[in-house]
Amino acid sequence: MNKQVDLKGKRVIASKHVKLGQKNRKGQTYTDVNDIFYKAEQTPNFLTGSEVIKEAIRRASVGTSVAYPITPQSEAAALIGELYAEDYLDEYFRGESEFAVMGQCAGASFGGHRVFTTTAGPGTLRAMENFPMWAGSRLPIQVCVTCRGINSPLSIQPDTLEMHYLLETGMLVWHAETAQDLYDYILKGFIVAEQPDVHVPIAVCCDGFFVTHTKDTVDLSPEELCLTPYNPYESPVTCMDMEIAPYRMMRDPFVMKSNYINYSTHASWQQEIKAAVERSRKHTIALLDGLIDEHNSDREILIVTSGTAVSQSREAIRLLEEEGIKVGLVKIKTVRPFPYEEIKRATKHAKHIFVPEFNVAGWMAREIKSTIPDNERVYCGPHVAGGMTMPSEVIVEEIKTHLGIKTAQNSR
Amino acid sequence: MSKEKIQICEDLADIMPPEYHKLVESATFGNQDRGWKDIGSSTELIEQHSLCAGCPESIAFRYILASLPAPEDTVFVGSTGCTSLVFPHVAVHNIHSLFGNQNAIASGLKRTLKSRFPDVEKDVVVLAGDGATVDIGLDMTMQSWFRQEKFTTICFDNELYANTGGQESGLMQKGFVAKMAPKGKNFEKVRLPEIAREAGCAYVALLTVSKPNRVEQVIKNAVLIAREVGPTFVQLYTPCILEIGKQSMEGLDEMKDSESIGGRFVQKEYISDEAQKLLDSIKIETKERKKAAKEAAKKPVNA
């Protein structure tokens, strides 16, 4: 567990699928995910994050998508509806609430479809009961979480607090920094989540508005290529379609008993879900080129973070460099599985570790603190919350202040 | 699922459990005339249960499973409650996910099965208690009817939360003193059959499970209409003898009392015009099929 896996240049084994090379009803060719990303020519497009979600799903061979309006994911959910109207999906409809939508997604996944949905902020929390159920039922559903505030009074602005609630649901949780990440993670996420030795749900998260509503240049794979479809008979549990011989599961349902066998069964299943999340590492490392990205991580001052806080940090590092202050960067791509070993190694030489976050809790800093030795090196901040932006100057200021370097602000 | 799929590999036959052998040897799979009279001789779908002795829900389970038109292509969706204690014993694919979301699960499931198996009729049947159907899950129950989702919803109405120990539910009678209604329930029993009709169900039935032939007919109607026309709803009175202070042998009397004139469960049926047309055509087909079979049986073997 948590060991670096040496893949010796091998890519994930994803698509030994009977349909490889065949065409779907839209004339797209079922293609290995590695070939889609690493062999086919990628073409730059100038798109919003919501449009990027649409383009990823166009190529994802999704069976069912269920939609519900909530800012900032409404546009993406509606754009997927357009794909359905164009016959790219088998099923698409609007559910009645996020709790119901996640149930409808579960039903579709139990029945053997690849399933995609989107949600945000309060919707994520309303849906919450479903996420551990998805994981416990081994449903490899993908939900794109376009993070927004969950506080009261009402806010629709970006804030990553909801991701903290997802951490122990048994789902894979990936955090996209840019629209390009979002495109890549959505397509690669299906393949990793559906591996027979993983087969758990995945939340592909991005920061609402910053990613969903801004335009960016994104390299897209050819529209004529799509992922191989989900094969429900590679699932580690029975597909609920009455095409596999039925059986009586037990004479004595566990739920009725308060005894050791009952406790032990539930405990071992929880451990198995955790283990399945860990087993995703080898597939993820191959497809995402590691769970973290590093830039000058041998420096004494490091910024370690995820999402758009990474983009802001890149600019802060440039500003600091102009003043002769050298800072390295570690970008966390997957929050579950958490890159414990990678972060431990990457921060080995660091004396000061800054964790900028778009939430009031500082959960990412806590995760990092619980991972590395000498964790007094971790400085939890800067934080912004409630929809505030995080100007690079704020990161610069906070780093300087913590290091005792005088600035116009802190010497006032 | 064809019957070939359940065959046992000879080399492994000796380690297969006896009920699986029964499934292979005497399953009523594919028998169009299966019904409640098969109970006893055909136990492959349900044999034992873990409910209280004399619980009417246990007999309701048997009648329903015996009445399914095509168990080999039926998937059940359950919910939390006493029913979730029985489903692990049932040899038909069944899903338990959360409490109250059964009609949401069934919506996604039915659509997916329809899309994956366009040429096979895969029936989806929801079976949940009154708390799941009417209280915590009413939104999803009704929304699935509004959307005209083509599956059957069966509610085991025992007029309270039985599995958690007898708390007030929406389908409880007004005035009944229960846990969480210490002064007696102060509003009327929710009129779910009327709600189902207004929400778009093509077929609605309210009855007790005192008479197996009636249950059989209602379940068959509900499943067949759901295939062709639209959502169907069956509300069955399955009293919780434990929580209403009755003995194990008194369940049947309780149901008979409640369905007598003026009772809460006098049998009611609502059938839309389209559904009625379908039932009429099925009736004619069945009659002709049975007549043909009878005539074929009459013919001398060498003729």
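In the predicted model, Met180(B) counts as partly exposed because 13 C-beta neighbours lie inside 10 Å, a number that falls between the limit of 12 or fewer for exposed residues and that of 20 or more for buried ones. The residue is located in the loop between β4 and α7 of chain B. Most residues other than glycine have a negative phi, and most peptide bonds are trans.

The peptide bond from Thr71(A) to Pro72(A) is cis, with omega near 5°. Pro72(A) is placed in the loop between β3 (64–67) and α3 (74–85) of chain A. A cis peptide bond also joins Ser152(A) and Pro153(A), where omega is about 0°. Pro153(A) belongs to the loop between β6 (142–147) and α7 (161–166) of chain A.

Chain B contains an open sheet of 7 strands with mixed pairing, in the order β2-β1-β3-β4-β6-β5-β7. The edges are formed by β2 (94–95) and β7 (268–271) of chain B; each has a single partner strand, so one side of each is left without a neighbour in the sheet. Within this order, β4(B) is placed between β3 and β6. Strand β3 (residues 123–129) of chain B runs parallel to β4(B), and 5 bridges join the two strands.

Val125(B) stands opposite Thr152(B) in β4(B), while the bridge partner of Thr152(B) in β6(B) is Thr232(B). Further along, Phe156(B) stands opposite Leu236(B) in β6(B). Strand β4 (residues 152–157) of chain B is mostly covered, with 6 of its 6 residues buried. Both faces of β4(B) are covered: one side carries Thr152(B), Ile154(B) and Phe156(B), and the other carries Thr153(B), Cys155(B) and Asp157(B), all of them buried.

In chain A, the axes of helix α10 (residues 308–322) and helix α13 (residues 392–403) come within 8 Å and cross at roughly 60°. That angle makes α10(A) oblique to α13(A). The crossing of α10(A) past α13(A) is right-handed. Helix α10(A) contributes Gln312(A), Ser313(A), Glu315(A), Ala316(A), Leu319(A) and Leu320(A) to the contact, and α13(A) contributes Ser392(A), Ile395(A), Val396(A) and Ile399(A). By class, this contact comprises 6 nonpolar, 3 polar and 1 charged residues.

In chain B, the axes of helix α4 (residues 102–116) and helix α6 (residues 138–146) come within 7 Å and cross at roughly 35°. The contact involves Asn103(B), Ala104(B), Ala106(B) and Ser107(B) of α4(B), together with Met140(B), Thr141(B) and Ser144(B) of α6(B). Its residues divide by class into 3 nonpolar and 4 polar, with no charged residues.

Both α4 and α6 of chain B also take part in the contact between the chains. This contact takes 38 residues from chain B and 38 residues from chain A. On the side of chain B that touches chain A, the elements giving two or more residues are α1 (18–26), β1 (74–77), α3 (83–86), α4 and α6 of chain B. Helix α4(B) gives the most to this side, with 11 residues. By class, the residues of the side of chain B that touches chain A divide into 17 nonpolar, 13 polar and 8 charged.

Terms used. Residues numbered from 1 in each chain as written. Chains lettered and ligands numbered in written order. Predicted model: local features only at pLDDT ≥ 70, side-chain atom pairs only at ≥ 80, totals over all residues. Axes fitted to C-alpha atoms, helices over the stretch in contact; angles between N-to-C directions. Helix = DSSP H or I, 4+ residues; strand = E, 2+ residues; numbered from the N terminus. Parallel < 35°, antiparallel > 145°, perpendicular 65-115°, else oblique. Left-handed = near helix turned anticlockwise from the far one by under 90°. Contact = placed C-beta atoms within 7 Å. Nonpolar A, V, L, I, M, F, W, Y, C, P; charged D, E, K, R; others polar. Pairing = 2+ DSSP bridges.
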